[in-house]
Amino acid sequence: MKTVTTLSDLRAARLSLKGTVGLVPTMGYLHEGHLSLIQRAKEECKHVIVTIFVNPTQFGPNEDLSKYPRDLERDLNLIRPLGVDLVWNPSAEGMYPSGYQTWVEVEAMTRPLEGAMRPGHFKGVTTVVAKLFNATQPDRAYFGQKDAQQAAVIRKMTQDLNFPLEIVVCATVREADGLAMSSRNKYLNEDERKAATVLFRALSAAKELYEAGEMDAEKVRGKMKEVVTSEPLAQMQYVSCADYDTLEELDVVKGKALLSMAVFLGKTRLIDNFALG
Ligand code: AMP
């Protein structure tokens, strides 16, 4: 497994990879969710490139960029047994040298949900992912359903900008009690960690209601709200029952829909989602 930092070293190493290449972009502090993406890439591609980069442009001014967990040695030890060919760990200055001024923006789909709560977030995501695609030239790129809007936005960008690669979205990996794995779970204290199952509980209750025949989206959102607000340590930011493709809020649940939410446990903001239909 080769680890490189500079773009020129990455390009030189990429040239030596013949056959299909799978890319797994991450911000590091890896967990089983990330590892499941790497394993899937390994199954489907001859070579696998993992990028580890805490992308500053996708964090808002009041977000957790400076305290986002980082541990490269730990990450490399987790990746090593998986047969990854190349790890790229670029620096922020390398990615965005002084005078940087080019951005990639997807429009309507980035306005609701995470886009509404985190202005500028998706502009940072699509810009960095476009740069990662250009630098690593993958045949397939692997993303998690955990960040459902991000996966949808990246798929749209890939289509719209004619990137010659396939986007593969992998199922959310969860802890035994249902909490979606996330690097941010590390911030939770013991009580918050227990309370954090409220996202899974709320999504499960809403899905059950839908499966029992409820098609009124407001009632489905109401069920999620009811469960989240019943948890004293949780502060709901939004709950959504939206069209799976456009991410617009639904009145009636028909076709494929996305249940999603953002909830604060103390200062830690967690997101989760279920697909319906
Ligand atoms: P991050 O390091 O948080 O930027 O995540 C890197 C990739 O891993 C993204 O495509 C995420 O959607 C994906 N990912 C994060 N958590 C999970 C999870 N629990 N299950 C599956 N994929 C995940």
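**Reading helix packing, cysteines and buried residues**

Author: Let's start with a packed pair: the crossing of α9 and α10 is right-handed, where right-handed means that the near helix is turned clockwise from the far one by less than a right angle, and left-handed that it is turned anticlockwise. Helices here are DSSP runs (H or I, at least four residues), numbered from the N terminus. Bear in mind that this is a predicted model, where local features need pLDDT of at least 70, side-chain atom pairs count only at pLDDT 80 or more, and totals for chains, interfaces and linings use all residues. Residues are numbered from 1 along each chain as its sequence is written, and side-chain values use heavy atoms, with hydrogens and water left out.

Reader: How close do the axes of α9 and α10 come, and at what angle do they cross?

Author: In general, two packed helices are described by the angle between their axes and the distance between the axes. Here the axes of α9 (residues 198-211) and α10 (residues 217-229) come within 8 Å and cross at roughly 150°. Axes are lines fitted to C-alpha atoms over the stretch in contact, with angles from 0 to 180 degrees between N-to-C directions. So α9 is roughly antiparallel to α10, a label for angles over 145 degrees.

Reader: Which residues make the contact?

Author: Contact means heavy atoms within 4.5 Å. On the α9 side, look for Val198, Arg201, Ala202, Leu203, Ala205, Ala206 and Leu209; α10 brings Lys219, Val220, Lys223, Met224, Val227 and Val228.

Reader: On to cysteines. How many disulfides does the structure hold?

Author: A disulfide is a pair of cysteine sulfur atoms within 2.5 Å, and this structure holds 0. Take cysteine 45: its closest cysteine sulfur, in cysteine 170, is 10 Å away, too far for a bond.

Reader: Is cysteine 45 buried or exposed?

Author: Buried means under 20% relative accessible area, exposed over 50%, and partly exposed in between (1.4 Å probe, protein chains only). Cysteine 45 is buried because its relative accessibility is 7%. Cysteine 241 is buried too, at 0%.

Reader: What does threonine 126 touch?

Author: Threonine 126 sits in helix α6 (residues 121-136) and is buried at 1% relative accessibility. Leaving aside neighbours within four places in sequence, threonine 126 contacts Val104, Glu105, Val106, Val153 and Met157.

Reader: And where is glutamine 149?

Author: Glutamine 149 is in helix α7 (residues 148-160), and at 5% relative accessibility it counts as buried. Residues up to four places away in sequence aside, glutamine 149 touches several others, among them Met109, Pro112, Phe122 and Leu247.

Terms used
Helices (H or I, at least four residues) and strands (E, at least two) are DSSP runs, numbered from the N terminus. Angles under 35 degrees count as roughly parallel, over 145 as roughly antiparallel, 65 to 115 as roughly perpendicular and the rest as oblique.
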